[in-house]
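User: Hi, I have a new model open and would like a quick tour. Can you take my questions as they come?

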Amino acid sequence: MTAAGPARVIEVDLGERRYPVRIGTGNLARAGAEIARRTGASQAVVLSVPGVARRHAGTLERSLRRAGLRARRIVVPDGDRTKRLEVVERLYGDLLALGADRGTALVALGGGMVGDLAGFTAATFLRGIPFVQVPTTVLAMVDASVGGKVGVNLPQGKNLVGAFHQPRLVWIDVATLRTLPRRERAAGFAEVVKAAALGDASLFARLERDAEALMELDPRRLVPVLGRAIAIKAEIVSRDEREAGARMLLNLGHTLAHAIEALSGYRGILHGEAVAIGMAFSARRSEALGLAPEGTAERVVALLRRFALPTELPRFPREAYLAALRVDKKRRDGYIHYVVLRRIGRAETVPLTAARILPPGRAGVRGRVPRGSSR
Ligand SMILES: NC(=O)c1ccc[n+]([C@@H]2O[C@H](COP(=O)([O-])OP(=O)(O)OC[C@H]3O[C@@H](n4cnc5c(N)ncnc54)[C@H](O)[C@@H]3O)[C@@H](O)[C@H]2O)c1
Ligand SMILES: [Zn+2]
């Protein structure tokens with residue numbers, strides 16, 4: 001037994017469907033008992049991808065067995081292409097072959113791709129079976145695994161089919177991040193910076209103090225910081241489960257990010273990197289519109305750069321950006337609910353047209369091609 005390291009519990013308060021997010025270090029080997037208790041299941045099916053399963057599934061499954069559950073494993077190919085309906089249908093077949101019923105819990109072990117796929121499968125198989133998230137990327141820990149949005153992509157676009165299916169438990173072991181490539185780590189921290197920028201100035205200051213130590217995964221700093229980012233999302237989601245008002249603030253940086261991802265054909269740029277660019281853009285725009293005090297954008301940009309994240313718009317024609325902005329899912333009557341900063345730690349939405357978000361002379365002029373993108 002290793003000594004217990006820093007740990008936190010964040011409650012996601014959704015009435016009857018409330019659930020805890022438990023975050024610690026080296027705690028994967030203790031997940032089983034809590035999964036058993038929270039799901040009441042007699043069998044657990046762990047869904048993962050090869051790279052994550054090889055490193056971490058054994059530990060999780062041994063812990064499930066010690067807790068008296070039968071543990072089975074399904075491994076799907078890595079990559080966001082796996083998040084599609086055909087794969088869901090294959091998973092239904094696999095689950096039936098394993099004798100899965102409502103007494104079976106589906107446990108997502110991996111990044112947001114696995115979480116969304118497992119969650120959507122759990123939401124729909126037999127009209128819903130218990131679901132547990134064991135996220136292993138920074139992004140999945142602070143964002144994808146909390147809030148209950150699950151779904152798959154269509155050939156026509158990302159995340160176009162989905163459901164709300166809350167997990168019974170989110171179990172986070174930050175030690176699993178040791179094997180996560182640095183670029184993926186940094187991309188996840190973009191969502192941590194987002195949580196701080198929109199909701200907590202003191203978290204933002206902590207990130208400014210400890211960026212490098214956090215990238216090195218020092219658990220004493222990492223657990224409280226990720227815990228706080230999760231709490232910000234949990235608070236917003238509890239207030240607004242289905243995205244009417246407050247939840248829109250979580251889209252800070254995402255309006256531009258979605259446009260950048262679409263224009264890049266989802267190649268060469270990670271979601272978090274696109275979010276970093278979108279956030280830097282939003283912060284600059286907030287200042288230019290007189291909504292945020294001078295110096296706000298400078299702090300946002302400087303912090304993102306310490307995580308080696310890109311902050312400049314990639315070079316696409318303004319018309320292409322405008323067209324991409326205009327297909328935004330959340331657009332109404334030609335207006336986009338654009339998330340601006342009022343200051344570090346406080347965001348709000350303003351209805352803006354695409355042309356107002358991106359006035360002439362910005363895109364493709366000041367822009368630079370982001371690190372690692374295809375030319
Ligand atoms: N449901 C939501 O609210 C929500 C929110 C944000 C993102 N998402 C979804 O999440 C997905 C992106 O999540 P992601 O960034 O975690 O991507 P991902 O799940 O594709 O993981 C990124 C890469 O890291 C690898 N990996 C994961 N954990 C690892 C570990 N511990 N060690 C080594 N390698 C590891 C994966 O195999 C993959 O190659 C997208 O599908 C996105 O749509 C969902
Ligand atoms: Zn995001």
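Predicted model: local features only at pLDDT ≥ 70, side-chain atom pairs only at ≥ 80, totals over all residues.

User: Start with the open sheet. What order do the seven strands have?

Analyst: The order is β1-β2-β9-β6-β5-β3-β4, with mixed pairing. Strands here are DSSP runs of E with at least two residues, helices are runs of H or I with at least four, and both are numbered from the N terminus. Two strands pair if DSSP finds at least two bridges between them.

User: Which strands stand at the edges?

Analyst: β1 (8–12) and β4 (70–75). Each has a single partner strand, so one side of each is left without a neighbour in the sheet. On average, neighbouring strands of this sheet are turned by 20° against each other, direction ignored. Axes are lines fitted to C-alpha atoms, for helices over the stretch in contact, and angles run from 0 to 180 degrees between N-to-C directions.

User: In which sense do β1 and β2 pair?

Analyst: Antiparallel, over five bridges. I10 stands opposite V21 in β2. The two strands form a hairpin with six residues between them. In that turn, G15 has a positive phi of about 60°.

User: And β2 with β9, how many bridges join them?

Analyst: Four, and these strands run parallel. I23 has I172 in β9 as its bridge partner. Five of the six residues of β2 are buried, so β2 is largely enclosed by the rest of the structure. Buried means under 20% relative accessible area, exposed means over 50%, and partly exposed is in between (1.4 Å probe, protein chains only).

User: What about β3 and β4?

Analyst: β3 (residues 43–48) pairs with β4 in the parallel sense, over six bridges. S48 has V75 in β4 as its bridge partner.

User: Helices now. Which strands does α1 lie across?

Analyst: β2, β5, β6 and β9, and α1 runs at about 170° to β9. In α1 (residues 31–39), the buried residues are A31, G32, E34, I35, A36 and T39. Their cover includes α2 (50–66) and β6 (131–135). G40 follows α1 and has a positive phi, near 65°.

User: Where does α2 bend?

Analyst: At H56, by about 55°. That bend is the angle between axes fitted to the seven residues ending there and the seven starting there.

User: How many residues does α2 have?

Analyst: α2 has 17 residues and reaches 23 Å from its first C-alpha to its last, close to the 24 Å expected at 1.5 Å a residue. The expected span is 1.5 Å times one less than the number of residues. The buried residues of α2 pack against α1, β3, β4, β5 and β6. Among them are V52, H56 and L60.

User: Switching to the metal. Which residues coordinate the zinc ion?

Analyst: E191 (OE), H254 (NE2) and H271 (NE2) coordinate the zinc ion (ligand 2), at 2.0 to 2.1 Å. Donors are N, O and S atoms within 2.8 Å of the metal (3.2 Å for Na, K and Ca); water is not among the atoms, so sites may look incomplete. The donors follow the spacing E-x62-H-x16-H along the chain.

User: Why does the pair E191 and H254 tie together parts that are 63 residues apart in sequence?

Analyst: E191 lies in helix α6 (residues 182–199) and H254 in helix α9 (residues 254–263), so the pair links those parts. Both E191 and H254 are buried.

User: Is α9 mostly covered or mostly open?

Analyst: Mostly covered, as seven of its 10 residues are buried. The cover of those buried residues includes α6, α10 (271–288) and β10 (336–343). After α9 comes G265, whose phi is positive, near 65°.

Technical notes. Residues numbered from 1 in each chain as written. Chains lettered and ligands numbered in written order. Heavy atoms only, no water. Contact = heavy atoms within 4.5 Å.
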